[in-house]
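Please read this briefing alongside the sequence and the model.

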Amino acid sequence: MPNTLIPLIIRQDANDPVIYRSGEAISQQQFLTTIIAIKKQLPKREFVINLCEDRYHFLLTFAAALANDSSNILPPNRQSKTIKAIAEDYPEHTLVIDSDQYQELPNCIDIRTLNLEEATDTETAEIESPQIKANHIAAIAFTSGSTGKPKANKKEWRTLSGTAKLLGKRFAPSSPSAAPHIVATVPSQHMYGLEMTVMMALQTQCILVSAHPFFPQDIANALEKTPEPRILVTTPIHLRALLGSNITIPPLARIISATAPMTSAIAEEAETRYGVAVEEIYGCTEAGSLATRQTLTSENWQMLDGIIVEKQDDTFVVSAPHLTQTTPLQDRLDITADNTFRLLGRSADMLNVGGKRASLADLNQKLLEIDGVDDGVIFLVNKDSTDKQRPAALVVSKSLSAFDIQKILAKQLDPVFLPRPLRIVPSLHRSTTGKLPLEGLLSTLAAAKHDS
């Protein structure tokens, strides 16, 4: 396997589109020509910290780094302190940006200042089908930090390629003529975003849309400018906001969601309004995407082809031909027949108070289903203290008081699991994937306590 080569792009026809940008379909040939131009202008360093927001710039940087035998570093967020810390941890790096932020940092290159058209026809022919070593560390992705400090995970090219091909069997056609356009609300730096945008464009017949919409109107605008068929790759938080805006969007081929469990209420509303199935991906940063399901059809998850999950002692582990090692999962599962399973919740999310057990995910679902709750989260303030576990809550609501919400929750929860304190806050500072890092929650809770 170490000497095996896997192509950067699987398309057979050089004229097949890879990405759609500003109303123009950019072909494989155009894309590869530009990669050569960037490769020549990037310093030959071990790592490339890829901060490009425009997916075209991200994809170009990602591919040029691979062609240079470099590894892409994908930061868990865009906070200055995070970027500076990563730069210090990986000193042999180039920082590539496409905005005015971070230009003061060392080894920084703005891709907008590069000459993207200087590759010759001869050079293009030489790299027409670039081959990447299967064991090359293509990316270093980080966990979200929702349960603590983000952790780095090295991703070999064979793993990223293998996962994308498995997702392609579920979501993408084999014929280029039916290639769907992917519009995504999640950043390419996130593992789910990387797999369902960049890797789907490189290793399946999907066409990536360069726009990175976030707010409902931006999502609608991006979809309006995108040819059919369209796939919306999103999260429960983004989909909930889109539904709540009542903005009209053009027809979709399917909606795909991940990063958090989708409630049946949101899925049902989306399917009714948009007329397409809502499908979810289950996975983790450590192992990538592992299973899928249609939210309203079954609570069981169907493994991607070739993926095996087994129980070892009190831990579930996953293995597959494209994974470099057996990987433990942080979730509790109920493995059923036909390579399917039910998700019972994260091991770290299980509460044990006075001999009674509950799942934080279940508590959060009940909170978010309350009419009048715009956003909210229940979390453990002292998660590492098994004898003093107690949930707290931060809630965004324009119409309900903390007392109102506690009263509603009291009808659904055992008293030992009622969140105390429960604070009303103006907003929750979610990441671009809808995650809520624990550090930020504790800071917000402390500030809310001080204000009250």
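**Aromatic pairs and nonpolar cores**

Phe-341 has a relative accessible area of 1% and is therefore buried (under 20% relative accessible area, with a 1.4 Å probe and protein chains only). The model is predicted, so local features need pLDDT of at least 70 and side-chain atom pairs count only at pLDDT 80 or more, while totals for chains, interfaces and linings use all residues. Residues are numbered from 1 along each chain as its sequence is written, and side-chain values use heavy atoms, leaving out hydrogens and water.

Aromatic pairs

- The structure holds 5 aromatic pairs (ring centres within 6.5 Å, the six-membered ring being used for Trp; planes under 30 degrees apart count as stacked, over 60 as edge-to-face and the rest as tilted).
- Phe-47 and Tyr-90 form an edge-to-face pair, with 5.0 Å centre to centre and 70 degrees between the planes, and both residues are buried.
- Tyr-282 and Phe-341 are also paired edge-to-face, at 5.2 Å and 70 degrees.
- Ring pairs join Tyr-282, Trp-301 and Phe-341 into a cluster, and Tyr-282 counts as buried at 6% relative accessibility.

Nonpolar cores

- The largest nonpolar core has 42 residues, and those touching the most other members include Phe-62, Trp-157 and Leu-194 (a core is a set of buried Ala, Val, Leu, Ile, Met, Phe, Trp, Tyr and Cys residues joined through side-chain atoms within 4.5 Å).
- Leaving aside neighbours within four places in sequence, Leu-194 is in contact with residues including Phe-58, Phe-62 and Met-199 (heavy atoms within 4.5 Å).
- Another core, lying apart, has 32 residues, among them Tyr-192 and Ala-320.

Key: Buried means under 20% relative accessible area, exposed over 50%, partly exposed in between (1.4 Å probe, protein chains only).
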